[in-house]
Amino acid sequence: MPSAPKNRSKLIFLIFLLLVVAVAHVAIGGSSVPSSELINALFFKNDVQLVWQQIVWDLRVPRMLTALLAGASLSLAGLQMQTLFRNPLAGPDVLGLTAGAGLGVGICIFLGISFSFFIPLMSLFAFGGAFLVFILILPMTRYIKDQTALLLIGVMISALGSALLGILQFTSGSDELQSYVLWTFGSLGSTTYYELFILLAGLILGIILAFANTKNMNAWPLGDAYLKNLAIPVKRARLLMIVSASILTGITTAYCGPIAFVGLSTPLLVRNWFRDFNHENLIVASCLCGSIVLIVCDLSTHLFSAHVAIPINVATSLLGAPVVIFFIVRLKKISI
Amino acid sequence: MFCVDKLSVGYHKEEQTILLLNEVDVILKPGELICLLGSNGCGKSTLLKTLAGLHPPLNGSNESINSLHQSNNLALVLTEKIVSTSATVWDLISTARYPHLNWRITFQEKDLQAIQFAIARVGLNNIQDRFIHEISDGQLQLTLIARALAQETSFIFLDEPTAHLDLNNRMDVMLLLRSLAHQFGKTILVSTHELDLALQLADRLWVVYNQKIENGLPEDLVLSGLLDQAFPRKGFDLKTGEMKYEPTKNIHIELKGEGYRYLWTKNALQRTGYTITEFSPRFSIIISDDKWLIGDNSFTTLHSILHFIEQEIIRS
């Protein structure tokens with residue numbers, strides 16, 4: 001029978017868990033806000049010291065929402081890339097989009113384009129870099145019919161981007177180098193509400209494209225010959241997956257830096273937990289799970305030290321790698 | 001009915017054109033199980049894919065192929081591997097209904113009925129909720145056939161559906177295909193290497209030979225000697241039923257007896273390289289109902305006879 005109903009309870013559990021970790025994220029932070037003040041600041045706004053108000057509304061809530069949106073975006077991008085390439089190794093960065101974004105940021109920093117007070121400018125460059133790679137990849141998808149070949153081209157583009165970055169790094173001063181390294185650590189705390197809106201718009205667009213493509217993604221494991229026989233528009237479906245993943249990865253990387261791991265591991269865990277053929281459920285579950293994972297990772301950045309939060313990229317790998325290794329060892333293999 | 005005239009099949013490889021089938025005429029009638037035979041690389045798969053509209057024919061586009069491809073009246077069972085650890089047997093079969101579904105994949109009553117009918121007809125009720133990577137090769141092949149059946153098409157093309165299956169599963173698959181053709185009037189075209197199964201079960205054979213397709217009843221193709229020509233190294237002569245063995249030992253053996261015991265004794269001797277003659281002063285085997293006699297020696301198995309003869313030859 002159709003597998004949809006059997007996983008509904010899992011989805012409800014994920015929604016509940018997301019609410020819990022979201023509240024926990026706002027409640028726990030670098031400075032301890034008294035719980036009464038926290039509730040006041042969140043819901044009643046009056047009668048609260050300005051400093052609590054600022055901590056909650058200007059720092060923690062946007063940070064939590066950034067983690068929520070970025071986690072969902074990266075996870076959904078990863079899900080689509082794994083489906084497209086029929087390969088569990090595929091993640092949102094496989095097409096070289098992250099490398100493109102990194103190159104954009106590198107150019108921005110190393111060429112001394114005044115970044116210090118222009119965080120948005122850096123984001124713009126990151127998005128520009130990712131978009132450029134996307135424009136480069138797009139015509140190739142028309143001629144290269146083999147998914148694995150496309151995957152390899154993505155890896156090559158990443159290598160090319162790293163090489164160009166290497167030149168920039170080698171010839172630049174220590175200040176610029178530090179700024180760039182800081183960007184590669186990822187950041188969830190520097191987003192404004194305006195930028196949150198763009199992240200949200202990107203996520204919604206990505207989700208709409210993914211949902212429109214559900215039927216095609218479900219049939220995708222059958223391979224091109226069966227797809228053609230079933231009147232599935234193979235080229236259009238492929239384009240939709242690439243466009244959706246590019247938007248999701250590009251925008252997230254632009255605002256939060258190259259956040260590793262979430263996009264690769266979350267959809268894998270979702271697939272192996274849900275064992276659901278229908279992408280409709282996988283899309284929702286991946287978004288929810290991605291949000292939860294990134295929020296938890298961000299929460300953990302405070303746990304290592306009372307005074308300094310470790311970079312988010314360190315946390316995702318530090319927490320994510322053992323979890324994925326554990327799952328692979330337990331399942332003996334992992335596949336899509 | 002589906003006809004294509006003067007179809008050339010092949011592919012282009014680095015400026016070169018590889019011609020596999022040269023201007024062949026094909027005709028497919030309803031209710032027939034057709035087995036497509038031919039050696040490896042002769043173009044069986046390419047022909048199937050060309051007829052299915054998945055591969056361009058060499059001589060331009062072909063209207064009847066295009067119309068078959070676009071009419072959603074053709075279902076396929078191919079050798080392509082399906083990579084999914086989250087698809088159940090039911091899920092895989094349900095993809096057959098995708099041409100009729102909207103983007104949200106809402107199965108209508110009609111779709112569910114078609115899926116359930118296919119599952120019941122192929123006999124997959126017990127495993128319909130199992131994951132496809134957990135079932136056996138034979139069950140997976142049956143699942144793919146059920147998928148093709150659920151597509152409710154007049155034509156089903158199958159590319160080597162019996163490869164990697166054991167003898168019983170091969171027979172099951174072919175019997176199922178034949179009954180689908182006869183029961184529902186479907187046209188079923190199967191490429192296969194199973195000459196024996198094809199001879200037993202096919203309504204019609206297509207034999208790819210010398211870039212042409214020889215088309216006919218299995219028996220006609222046997223009698224015309226075409227199958228013996230197309231498969232010269234199969235080890236036996238189809239027309240006469242004779243096994244072909246090269247006499248490797250210059251030893252002549254006289255054999256007296258009748259019935260199937262005679263036939264299998266002869267087979268064992270010839271396979272080992274001996275020649276059977278009318279008269280031999282050296283070895284003369286007499287076959288009785290439960291034993292073999294050479295002179296005064298009596299034997300109960302062919303193995304012991306062969307051993308005896310070997311020892312005699314060494315002794316002299």
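**View 1. The interface between chain B and chain A.** In this predicted model, about 2,800 Å² of area is buried between chain B and chain A, and carbon and sulfur atoms give 58% of that area. On the side of chain B, the residues that lose the most area to chain A are B:T85, B:Y98 and B:W103, which together make up 20% of what that side buries. Counted as residues in contact, chain B contributes 37 and chain A contributes 24.

**View 2. The salt bridge between the chains.** One salt bridge is counted between chain B and chain A. The partners are A:E280 and B:R104, whose closest N and O atoms are 2.8 Å apart.

**View 3. A tilted aromatic pair in chain A.** Over all chains, a search of the whole structure finds eight aromatic pairs, one of which is formed by A:F110 and A:Y180, a tilted arrangement with 5.4 Å centre to centre and 45° between the planes. Because A:F110 belongs to helix α4 (residues 97-110) of chain A and A:Y180 to helix α7 (residues 174-184) of chain A, the pair ties together parts that are 70 residues apart in sequence. Both members of the pair, A:F110 and A:Y180, are buried.

**View 4. An edge-to-face aromatic pair in chain B.** B:F117 and B:F184 form an edge-to-face pair, with 5.7 Å centre to centre and 80° between the planes. This pair links distant parts of the chain, 67 residues apart, with B:F117 in helix α4 (residues 109-122) of chain B and B:F184 in helix α6 (residues 167-184) of chain B. With a relative accessible area of 41%, B:F117 is partly exposed, and B:F184, at 35% relative accessibility, also counts as partly exposed.

**View 5. An aromatic cluster in chain A with a lysine over one ring.** A:F13, A:W273 and A:F274 are linked by ring pairs into a cluster. For one of these residues, A:F274, the face of the ring has A:K10 lying over it, at 5.5 Å from the ring centre.

**View 6. An arginine over a tryptophan ring in chain B.** The face of B:W292 has B:R261 lying over it, and the distance from the ring centre is 4.5 Å.

**View 7. The two domains of chain B.** Chain B is divided into domain 1, covering residues 2-230, and domain 2, covering residues 252-315. Taken over C-alpha atoms, the centres of domain 1 of chain B and domain 2 of chain B are separated by 47 Å.

Conventions: Residues numbered from 1 in each chain as written. Chains lettered and ligands numbered in written order. Predicted model: local features only at pLDDT ≥ 70, side-chain atom pairs only at ≥ 80, totals over all residues. Heavy atoms only, no water. Domains from an automatic or database assignment. Phe/Tyr/Trp six-rings, centres within 6.5 Å; stacked < 30°, edge-to-face > 60°. Helix = DSSP H or I, 4+ residues; strand = E, 2+ residues; numbered from the N terminus. Buried < 20%, exposed > 50% of the residue type's maximum accessible area, 1.4 Å probe, protein only. Lys NZ or Arg CZ within 6 Å of the ring centre and 35° of its normal. Contact = heavy atoms within 4.5 Å. Buried area = accessible area lost by both parts, 1.4 Å probe. Salt bridge = Lys/Arg side-chain N within 4 Å of Asp/Glu carboxyl O.
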